[in-house]
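User: Hi! Could you walk me through this model with a few questions and answers?

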Amino acid sequence: MPPIVVRFRRFTSLNTTIRLREGMIKVSLSDLLEGAPETVVRAIAHILLAKLYKKPIDAAHYLRYKRFASSAAVVRQSELVRGARGNKRFSGPEGRYYHLEEVFDRLNLRFVGGLLGRPELTWSERVAKRALGHYDAAHNTIVVSRVFDRPSSPRYAIEYLLYHEMLHLKHPVQMRGLRRCVHSREFKAEEALFPQLAEALAFLKRL
Ligand SMILES: [Zn+2]
């Protein structure tokens with residue numbers, strides 16, 4: 001078995017490549033797959049190795065991957081990320097009802113003593129209801145869905161969403177063996193400190 005190097009890269013689609021170069025297997029995966037369930041990651045590994053060695057692809061693995069790739073959540077997230085990364089300019093932090101920088105600065109003071117550097121903050125181009133927020137480490141940018149920029153959206157909802165994304169800044173992805181852990185135990189413990197967590201989650205569910 002040759003050594004395997006896996007990299008997550010900033011692709012705007014689910015592009016995945018595998019190559020055998022200089023005795024090494026090199027795999028590039030879209031960072032959109034960062035939070036994918038382990039079964040999906042296993043399916044991708046199977047498909048790529050089957051392609052590389054020209055072996056038949058197991059139907060169950062193929063289906064599992066296809067189902068994930070076409071699921072609405074992933075499609076919306078790709079759209080959101082593509083919107084933020086494409087030629088279009090960022091919408092910027094200033095919304096009609098909420099200013100993301102103002103919300104961020106207050107949360108920063110309230111929960112982490114103002115210690116986090118403020119990343120780029122921008123409203124999404126579209127009113128996405130699935131991809132509500134996304135922290136793009138490559139651009140150090142938090143993108144928030146416009147769905148929160150309306151009077152019917154309570155302040156605790158946008159606060160919770162930004163707080164969650166801030167915690168992604170504070171707690172980078174951890175490796176548990178071969179598994180990428182996006183929401184670590186420390187992450188979740190800190191998230192639980194948000195006073196209106198239950199109300200915010202209930203509001204998000206109703207969107
Ligand atoms: Zn998250």
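Analyst: Happy to. One cut-off first: a residue counts as buried under 20% relative accessible area, as exposed over 50%, and as partly exposed in between. Please keep in mind that this is a predicted model.

User: Is H168 buried or exposed?

Analyst: H168 sits in helix α5 (residues 155-170), 15 residues from H183, which lies in the loop between β8 (179-181) and α6 (185-191). H183 has 34% relative accessibility, so it counts as partly exposed. The relative accessible area of H168 is 16%, and because the cut-off is 20%, H168 is buried.

User: How is α5 oriented relative to α7, roughly parallel or roughly perpendicular?

Analyst: Helix α7 spans residues 197-206, and its axis is 9 Å from that of α5, at an angle of about 95°. Angles of 65 to 115 degrees count as roughly perpendicular. Therefore α5 and α7 are roughly perpendicular.

User: What divides the contact residues of α5 with α7 by type?

Analyst: On the α5 side the contact includes Y156 and L161, and on the α7 side F203 and E199 are among the residues. The division is nine nonpolar, no polar and one charged.

User: At what angle do α1 and α2 cross?

Analyst: The crossing of these helices is left-handed. The axes of α1 (residues 38-52) and α2 (residues 59-70) come within 8 Å, and the crossing angle is roughly 120°.

Conventions: Residues numbered from 1 in each chain as written. Predicted model: local features only at pLDDT ≥ 70, side-chain atom pairs only at ≥ 80, totals over all residues. Heavy atoms only, no water. Helix = DSSP H or I, 4+ residues; strand = E, 2+ residues; numbered from the N terminus. Buried < 20%, exposed > 50% of the residue type's maximum accessible area, 1.4 Å probe, protein only. Axes fitted to C-alpha atoms, helices over the stretch in contact; angles between N-to-C directions. Parallel < 35°, antiparallel > 145°, perpendicular 65-115°, else oblique. Contact = heavy atoms within 4.5 Å. Nonpolar A, V, L, I, M, F, W, Y, C, P; charged D, E, K, R; others polar. Left-handed = near helix turned anticlockwise from the far one by under 90°.
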